[in-house]
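These are my notes from one sitting with the model. I took the strands, then the helix pair, then the ligand.

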Amino acid sequence: MNTAPAPHVAARVVDAVKVYGGGDTEVRALDGVTVDFPAGRFTAIMGPSGSGKSTLMHCAAGLDTLTSGTAAIGGTELNSLDDRRLTLLRRDRVGFVFQAFNLLPTLTVAENITLPLDLGGVRADAEWIDALVDTVGLRDRLHHRPAELSGGQQQRVAVARAFAGRPDVVFADEPTGNLDSRSGAEVLGLLAHAVRQTHRTVVMVTHDPVAAAHADEVVFLADGRLVDRMREPTADRVLDRMKALDTKALDTKALDGAGERRGQGVLS
Ligand SMILES: Nc1ncnc2c1ncn2[C@@H]1O[C@H](COP(=O)(O)OP(=O)(O)OP(=O)(O)O)[C@@H](O)[C@H]1O
């Protein structure tokens, strides 16, 4: 079966299973997840702690491999790539933003932004980079080093760096986890703006309903399964959904403790 995405899908996983460990310590972090991340949209992944959010993101981004099932980015199935091609795909077609800003302290803001392109020997598109610098509001900081910037400004550099190579998709893992709420809101607004203005795709893992509300759509995981999707989320609706999932997760754990069979996912 050809599971490569149609052009309007930036990334996709199909029947994704990820098992860590074996025997008594086996964990099914993903238990048959199929999800599309539409191109030109901002999607948030939410779910209770341990529900598989980071595992899904890492496998969808080619940072980790699935036990079974497939993952694809922009029409390319990741399982079909050897290590070298996978590294090139990650470098050329995927951007990353992490909780820790991961900037190089000895480089200026401008150098940090174009670092992935410079490492790959790719010529930066000056017009695109110029527009990005304006989008993230760092024009007057281009020659500063990261230590001279606030946390929010550093994360804005990381956002510009993630978009520098016009990637098919930018994956963001708790990008506001180290920021105060005001800087966090700025970075989220920026991600949403970059998606709208440049028609790029962002997939973000977050614990925070307020952060998720900046996305166009939220996908919810529970127990390694996709249990719901919500378009045009608001923080209140996401919070209500999360409360229901957390309650269900607690109930399931209580049942497990009583020796009952594990629940079959929250909505099924
Ligand atoms: N490298 C690993 N080895 C063993 N188990 C792992 C590993 N990585 C994750 N897990 C387990 O897989 C499950 C899913 O983990 P994952 O980090 O994807 O969840 P999460 O929803 O991102 O959690 P959190 O919100 O707490 O960050 C958890 O039970 C976790 O303990």
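Predicted model: local features only at pLDDT ≥ 70, side-chain atom pairs only at ≥ 80, totals over all residues.

I began with strand S7 (residues 169-173) and strand S8 (residues 202-205), which run parallel and are joined by 4 bridges.

I went on to the S10 end of the order. Strand S9 (residues 217-222) pairs with strand S10 (residues 225-231) in the antiparallel sense, over 6 bridges. Here I noted Glu-217 standing opposite Arg-231 in S10. S9 and S10 form a hairpin, and I counted 2 residues between them. In the turn, Asp-223 has a positive phi of about 55°.

How do helix H4 and helix H5 run relative to each other, roughly parallel or roughly antiparallel? Helix H4 (residues 126-136) packs on helix H5 (residues 151-163) at an angle of about 150°, and their axes are 10 Å apart. Angles over 145 degrees count as roughly antiparallel, so H4 and H5 are roughly antiparallel to each other. I logged the crossing of H4 past H5 as right-handed.

The ligand came next. I listed 13 residues around the ligand, of which Tyr-20, Ala-29, Ser-49, Ser-54 and Thr-55 come nearest. Two elements give two or more residues to this shell: strand S2 (27-38) and helix H1 (53-60). H1 gives the most, with 3 residues. I also sorted the shell by class and got 3 nonpolar, 9 polar and 1 charged residues.

Last, I checked the record. UniProt, in an unreviewed entry, places the feature "domain: ABC transporter" at residues 11-248. I computed the distance between the end C-alpha atoms of residues 11-248 and got 29 Å. The composition of that span is 38% helix and 26% strand.

Definitions and conventions: Residues numbered from 1 in each chain as written. Pairing = 2+ DSSP bridges. Near = placed C-beta within 6 Å. Nonpolar A, V, L, I, M, F, W, Y, C, P; charged D, E, K, R; others polar. UniProt positions renumbered as here; feature names shortened; annotations may be inferred. Axes fitted to C-alpha atoms, helices over the stretch in contact; angles between N-to-C directions. Parallel < 35°, antiparallel > 145°, perpendicular 65-115°, else oblique. Left-handed = near helix turned anticlockwise from the far one by under 90°.
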